[in-house]
Amino acid sequence: MITMHGTGVISGVVKDNNGNPISAARVSYVSGPVPLPDIAALTDNNGNFVVTAPVPGEYIIEIISERFIAQKVKVAIESNQKKHIEIILSR
Amino acid sequence: MSQNKKSKPAGGHTPISNKPEESLRAAEADFFVSKSVSEEPSEGKDPKTTPVKDKGIEDVPGHVKTSMKPMTTAPDTSKLRDIGEASFGPFQETVHLPDDRIQITSTEVYPWRVHASLLITAADNSQWIGTGWFIGPHTLMTAGHVVYIRNSGVPGRDGWVRSILVMPGRNGNSLPYGSITSNNFRSVTGWIDWGDWNYDYGAIILPSDLGNTTGWFGFGVWSDSDLLSSIGNISGYPGDKPSGTQWYDYHQIASVDSRKVYYDIDTYGGQSGSAVYRIINGNRYGIAIHAYGGATTNSGTRIVTPVFNNMLAWKA
């Protein structure tokens with residue numbers, strides 16, 4: 001059982017090289033300090049997403065969208081931390 | 001294993017619905033199980049069923065498994081590290097290289113049409129993707145965290161999801177059985193109230209009997225030794241592949257405990273809720289509901305007696 005000590009939140013915005021938001025990009029954890037639910041978030045019309053980091057630690061998030069090159073981002077989260085990242089996807 | 005006795009759902013397996021009147025009916029139904037340990041599948045209408053191979057795997061042309069060595073070391077089942085510990089090594093992904101997944105393109109036939117791509121709208125209107133699978137005319141199994149979100153840390157997100165768009169047998173932009181929206185869900189107290197991943201399972205109830213067309217998988221309870229000698233099969237909708245495409249992989253079951261099944265079957269975000277199934281005499285039976293990706297093994301909620309009982313009630 002995962003005991004939720006200090007759940008963190010990772011928010012982000014996904015854009016292209018021209019600064020245009022990318023909607024419906026898939027955002028998934030590919031690794032983390034604990035086993036993670038195999039569910040993927042979709043970015044909204046403004047390219048935004050918010051995912052939960054259940055425990056403090058280092059997470060790798062992958063962002064995938066058709067016509068763009070997928071990207072992985074490493075994010076370190078501390079207890080109860082909210083971190084925002086910006087991802088630029090290239091074609 | 002006989003089930004001809006009354007059994008009361010205990011603790012975490014008490015069923016809960018987002019439709020309160022349904023919770024009561026399910027709880028009452030669980031008090032008595034008259035069926036055997038396994039529930040049979042159905043191939044639906046005009047199934048054109050694809051064959052299976054002798055070893056309990058699907059016969060998918062072109063699928064080459066690079067390694068089927070049984071695991072010789074204990075899988076990483078550590079569930080919680082000390083809060084301050086932050087380093088768990090390099091990339092440890094749910095797709096355990098090499099990637100043995102193969103795309104299924106004949107998704108309009110059985111068994112592939114049993115699996116549904118899910119588009120989930122949470123209470124805060126955020127959207128997610130997952131997978132479900134038919135167990136009856138109007139019931140799909142999925143992960144508990146697909147239908148109910150806990151401890152997200154995001155205002156307005158926790159609780160039952162708002163709706164799920166179910167797309168059986170989806171193949172990219174093709175929806176051979178259309179799509180149908182549900183806002184009628186089931187899970188159990190162990191997930192809803194405790195957030196215990198040992199109880200991470202749930203169901204989607206459809207407003208129509210689409211499962212009579214697609215068919216459904218059987219499901220059952222088996223011993224540890226039975227499961228450990230089995231090959232697990234998973235087909236679902238991973239988010240790292242072209243949108244809405246179905247992908248399949250298999251591997252021998254790595255380990256089990258009283259509530260979970262562990263396996264080195266490649267999965268990715270979007271496959272939460274997939275059936276982990278075995279093939280017996282050409283028939284498909286769910287043994288677990290895929291839920292988590294881990295460092296060396298992935299895992300699902302094992303179908304044990306109380307899970308089986310809830311599935312029977314939800315299927316009715």
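In the predicted model, Gly12(A) stands opposite Phe49(A), a residue of strand 5 of chain A. The two strands concerned, strand 1 and strand 5 of chain A, are joined by six bridges and run antiparallel. On strand 8 of chain A, the residue opposite Ser11(A) is His84(A). Strand 1 (residues 8-16) of chain A runs parallel to strand 8 of chain A, and eight bridges join the pair. Together these elements form an open sheet of three strands in chain A, with the order 5-1-8 and mixed pairing. From one strand to the next, the twist averages 25 degrees. Strand 5 of chain A is mostly covered, since five of its six residues are buried.

Chain B contains six helices and 21 strands. Its length is 316 residues, of which 53% count as buried. When contacts in chain B between residues at least 6 apart in sequence are considered, 72% of them join residues at least 24 apart.

The domain assignment divides chain B into domain 1 (8-39 + 112-213) and domain 2 (102-109 + 217-305). The centres of domain 1 and domain 2 of chain B, taken over C-alpha atoms, are separated by 17 Å. Their contact takes 31 residues from domain 1 of chain B and 34 residues from domain 2 of chain B. On the domain 1 side, the elements that give two or more residues are strand 4 (38-39), strand 6 (115-121), strand 7 (127-136), strand 8 (139-142) and helix 2 (144-147) of chain B. Strand 7 of chain B gives the most to this side, with seven residues. By class, the side of domain 1 of chain B that touches domain 2 of chain B has 14 nonpolar, 13 polar and four charged residues.

Two helices of chain B illustrate burial. Ile192(B) is placed in helix 3 (residues 189-192) of chain B. Ile192(B) is buried because 22 other C-beta atoms lie within 10 Å, and the cut-off for a buried residue is 20 or more. Not counting residues up to four places away in sequence, Ile192(B) touches Ile16(B), Tyr148(B) and Ser187(B). Ile192(B) and Ile265(B) are 73 residues apart in sequence, and their C-alpha atoms are 27 Å apart in space. Helix 6 (residues 305-315) of chain B is mostly covered, with nine of its 11 residues buried. The buried residues of this helix include Pro306(B), Phe308(B), Met311(B) and Trp314(B).

Some backbone features of chain B were also examined. Most residues other than glycine have a negative phi, and most peptide bonds are trans. Tyr110(B) and Pro111(B) are joined by a cis peptide bond, with omega about 10 degrees. Pro111(B) is placed in the loop between strand 5 (102-104) and strand 6 of chain B. Asp46(B), which is not a glycine, has a positive phi of about 45 degrees. Asp46(B) lies in the loop between strand 4 and strand 5 of chain B. Asp46(B) is exposed because it has 11 other C-beta atoms within 10 Å, and the cut-off for an exposed residue is 12 or fewer. Asn281(B) also has a positive phi, near 50 degrees. Asn281(B) lies in the loop between strand 19 (275-280) and strand 20 (283-293) of chain B. With 6 other C-beta atoms within 10 Å, Asn281(B) is therefore exposed.

Terms used: Residues are numbered from 1 along each chain as its sequence is written. Chains are lettered from A and ligands numbered from 1 in the order in which they are written. This is a predicted model: local features need pLDDT of at least 70, side-chain atom pairs count only at pLDDT 80 or more; totals for chains, interfaces and linings use all residues. Two strands pair if DSSP finds at least two bridges between them. Helices (H or I, at least four residues) and strands (E, at least two) are DSSP runs, numbered from the N terminus. Axes are lines fitted to C-alpha atoms, for helices over the stretch in contact, and angles run from 0 to 180 degrees between N-to-C directions. Two residues are in contact if their C-beta atoms, placed from the backbone, lie within 7 Å. Domain bounds come from an automatic or database domain assignment. Ala, Val, Leu, Ile, Met, Phe, Trp, Tyr, Cys and Pro count as nonpolar, Asp, Glu, Lys and Arg as charged, and the others, Gly among them, as polar.
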